[in-house]
Amino acid sequence: MSDNDKIEIIEELDEKLMDHEYDGIHELDNSLPPWWLYMFYGTIIFAIVYMVNFFGMGSYMQQDELNSEKEQAELAIAKYKEKYGKNIDETNAVLISDANALADGAEIYTKNCVACHAANGGGGVGPNFTDNFWIHGNTINDLFKTIKYGVPEKGMIPWESQLNPEQIQNVASYILTEFKGKNVEGGKEPQGEEIN
Ligand code: HEC
């Protein structure tokens with residue numbers, strides 16, 4: 001390297017040398033690497049777009065998202081309550097006379113209970129619902145309890161995992177409305193206690 005070359009380099013460095021100096025350490029004013037520079041510009045553009053979009057046009061704010069999620073949750077809760085949430089159990093079940101509820105009870109009975117209690121309620125594997133004899137009582141609450149928890153050791157299935165409380169109330173109401181006291185012909189012999 002010629003002396004001229006060295007001088008040129010030193011002059012160039014001198015031009016780039018910045019004023020400050022810390023403990024003898026100097027800084028050169030080199031140009032920034034292009035990849036860094038363009039990324040930096042990119043972040044500025046992103047910030048502008050972001051600000052205009054979110055603070056200017058107000059699109060997709062977190063508050064909106066929260067609100068819509070809350071709305072959906074409330075809908076889901078309402079739906080759940082509609083289906084299961086009526087908080088019916090053996091202590092507060094009531095005898096339903098509503099035709100739709102009884103029709104629902106009839107459908108549930110036909111689908112799940114006929115095999116053991118017969119279509120006319122006369123019994124078979126399970127007891128006769130049409131006589132005045134009941135093993136576990138004949139109030140709506142008694143029936144609700146028997147249907148819900150079953151009598152597994154005697155072959156009566158617990159239905160609480162398959163029927164929701166409203167359905168249990170409907171089918172129990174159906175039995176008491178449709179079969180109780182009808183004394184159908186060919187029914188199973190009485191079981192349990194006579195209750196009038
Ligand atoms: C697999 C046969 C079977 C099926 C299916 C069945 N039960 Fe029973 N059920 C029985 C038996 C057996 C008993 C008698 C239990 C006992 O001896 O304690 C009984 C008893 C009952 C009793 C009490 C009767 C009494 O005299 O106290 C009710 C109410 C009843 N079942 C309702 C239902 C309903 C409602 C369904 C359908 C959702 C149903 N059962 C499905 C076998 C069945």
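Start by selecting His117 together with the ligand: 2.8 Å separates a nitrogen atom of the ligand from a polar side-chain atom of His117, a polar contact, meaning a pair of N or O atoms within 3.5 Å. You are looking at a predicted model, where local features need pLDDT of at least 70, side-chain atom pairs count only at pLDDT 80 or more, and totals for chains, interfaces and linings use all residues. Residues are numbered from 1 along each chain as its sequence is written, and side-chain values use heavy atoms, leaving out hydrogens and water.

Helices here are DSSP runs of H or I with at least four residues.

Now turn to the oxygen atoms of the ligand. One lies 2.6 Å from a polar side-chain atom of His136, and a polar backbone atom of Ile135 is 2.9 Å from an oxygen atom of the ligand.

Finally, show the 22 residues around the ligand (those with a heavy atom within 4 Å of it); Cys113, Cys116, His117, His136 and Met156 come nearest. Colour by helix: α5 (114-117), α6 (140-149) and α7 (165-178) each give at least two residues to this shell, and α6 has the largest share, with three.

How values were computed. Polar contact = N/O pair within 3.5 Å; in protein donor to acceptor, adjacent residues only side chain to side chain.
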